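Subject: the two-chain model

Hi,

Here is the structure I promised to send over.

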Amino acid sequence: MNIVVLTKQVPDLVEGLEIDPSGKALDVASLRYILSESDDHALEQALLIKEKVGGRVEVFALNQGEARESLIMALAKGADRAVLVDAGLDSPLANHAAAQIFATLLRGGPFDLILTGVRAIDDLDGSVGGLVAGLLDLPYLGLIRKVEIGGDGKTAIAEKEYPGSYAAELEVRLPAVLGIQSAEQPPRYVPISRLRQVMKTATVEEVSVSPPSQQLLGVARLFKPEEGAGAVMIPGDAKEAARQIASLLFERRLLR
Amino acid sequence: MGNDILVFAEHFRGTLNDITYELLGKARELARSLGSRLVVGLLGHEVGGFVEKLGAADQICLVDRPELKEFASDTTKAILEAILEDVQPRLVMLGSTSIGLELLSLISARKGFPCFDNCTRLESRDGRLVATCQIYGGKIFAEVALPDATTLVAVVPGSFPKEPGEVAARPELRSIALPPVLPEARVTFRKLLEPPPGDVDITKAPILVAVGRGIQNADNLPLAEELAEALSGVVCASRPVIDQGWLPLTRQVGKSGMTVKPKLFLAFGISGAPEHLEGMKQSELIVAVNTDPNAPIFSIAHYGAVVDALELLPLLTEEVSNQATKKASS
């Protein structure tokens, strides 16, 4: 089973986000990047499949933020190949551009399964997985939480989430693209000692591709929601907040 | 490209989803100001009964086939593309849902139509369509002028009221030239998996104590459970807590979890990602506690406090117990 995992870096929301003077993009200097959370789950799911049925896991990352570090981490976790893709993308918001780059690299294979995170926090123009599937004319399933490979290695059985904690079991013919919501277990932890060891020996391949012509975006402006709009803010420390919330609940007859 | 607006009607387990009416209501408003026709794509098997509930539309493209009994994007996409070919709409509206998210990206890439996801506002300004989409966990909104081409927009459930879309009338049926043979289905539906049984039903609990990433680790869960007990409430959580396996799937509030409308929703350490807000914003009273003053949860909460949830939880449990004692003795 040849499994390709497509990843991208997204701004870490722990840091405050600032909008640049153009008003149309984030202030790149203020950003710290991390691996998109559901891409981390896609990698974990790929490793779980490999452990069960054998095969290879190849991880691709667009060169942004800490992409190289994320790829080394993927190798430390058990990936077989790591590819850093440099396309000189300036806007972190263009999934169509990202998907075109991935599709160009992957066209012709060989792969059985492409896994990627179903959503990223910066998805504005669709999701990478669905767009790659559309470009490569492959089937796509999103919001996947479990994947099993059929006995003949030609199909996968995937669980897709629906609202209300429902899910559907779907069978898909390979090759296919799956958008992973969460892996069957939380992404694995890599001890620092292992990571250090891999950093010394690992190879991250680099490929340069020309940026796609079409960016498809027409962002007129970015803006932040009004801070605390709607909420009455309770001032003071935790003790004071506890007192005020308790009396609010008492007034509203919510205490038994 | 013509001037029509096409709404993809979503249904699940024999019922039209609320998002369908939400889309229809907004589409009707836009159609009025743009002088557009409102066309609905209704795909499924034995779904003819839905037609009279879609009275907000001018026309319905009804495709009723056994292979559409359950949603599989591979088959649905092929038929929806044929409908788009025939209608040539300027705007295609879908839900940003389990179903809509697959169709949005697949069709956008295949047909070369621009698409925008996570839309929470859609309006016409001087004949141009402008969409507002939430990104970065709801911390930033992007305003986009829709290009002069067929554009797909996926709308976050709960963004528009559903009442304007609930019109009982029988719109005209529009026949569509479909490919005589559909491409062989590469995706097949096997079965529906029911929610796991045996746990409490959080949609029925009047008081919910919700925890998010700010709870930090499973060892801190008892702090929330103690408060829930003092309030006769139930503990629930946002996605990250469920993904870590700290609470069962039945306790998840949000897009793939439950939609709750309790009398009281206490949110501890929940930043308020759009996927979560979708499932709880209709609660009668929302009190949110988060260390980040910019957390989107404060934009929909009624009351907020910028303090550490872990510090607040035991203090609040104590205060609540004291109030209860006072109440009992008064």
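Which residues does B:N220 touch, not counting those up to four places away in sequence? They are B:I215 and B:L310, where touching, or contact, means heavy atoms within 4.5 Å.

Before the rest, the ground rules. This is a predicted model, in which local features need pLDDT of at least 70 and side-chain atom pairs count only at pLDDT 80 or more, while totals for chains, interfaces and linings use all residues. Residues are numbered from 1 along each chain as its sequence is written, chains are lettered from A and ligands numbered from 1 in the order in which they are written, and side-chain values use heavy atoms, with hydrogens and water left out.

Back to B:N220. You'll find it in the loop between strand 13 (207–211) and helix 4 (221–230) of chain B; helices (H or I, at least four residues) and strands (E, at least two) are DSSP runs, numbered from the N terminus. B:N220 is buried, at 16% relative accessible area. Here buried means under 20%, exposed over 50%, and partly exposed in between, with a 1.4 Å probe and protein chains only. A polar atom of the B:N220 side chain sits 2.8 Å from the backbone oxygen of B:I215. B:L313 is 93 residues away from B:N220 in sequence, yet their C-alpha atoms are 9.8 Å apart in space.

On the helix itself, the buried residues of helix 4 are B:L221, B:A224, B:L227, B:A228 and B:A230. Just past helix 4, B:S232 has a positive phi too, about 55°.

Another positive phi turns up at B:Q88, near 50°. B:Q88 lies in the loop between helix 2 (73–87) and strand 6 (91–95) of chain B and is partly exposed, with a relative accessible area of 33%.

Now the interface. Chain B puts 92 residues into the contact and chain A puts in 86. Together they bury about 7900 Å², 60% of it on carbon and sulfur atoms; buried area is the accessible area (1.4 Å probe) that two parts lose on being put together, summed over both. B:Y136, B:E143 and B:R186 supply 10% of what chain B buries against chain A, more than any other three residues.

On chain B's side, helix 8 (residues 309–329) gives the largest share of the residues touching chain A, nine of them.

Chain A has some cis peptide bonds to look at. One joins A:G109 and A:P110, with omega about 5°, and A:P110 is in the loop between helix 3 (95–106) and strand 6 (113–117). Another runs from A:L174 to A:P175, omega near 0°, in which A:P175 belongs to the loop between strand 9 (166–173) and strand 10 (176–180).

Last, cysteines. There are zero disulfides over all chains, taking a disulfide as a pair of cysteine sulfur atoms within 2.5 Å. B:C61 is buried at 0% relative accessible area, and B:C236 is buried at 0% as well.

Cheers

Notes
Polar contact = N/O pair within 3.5 Å; in protein donor to acceptor, adjacent residues only side chain to side chain.
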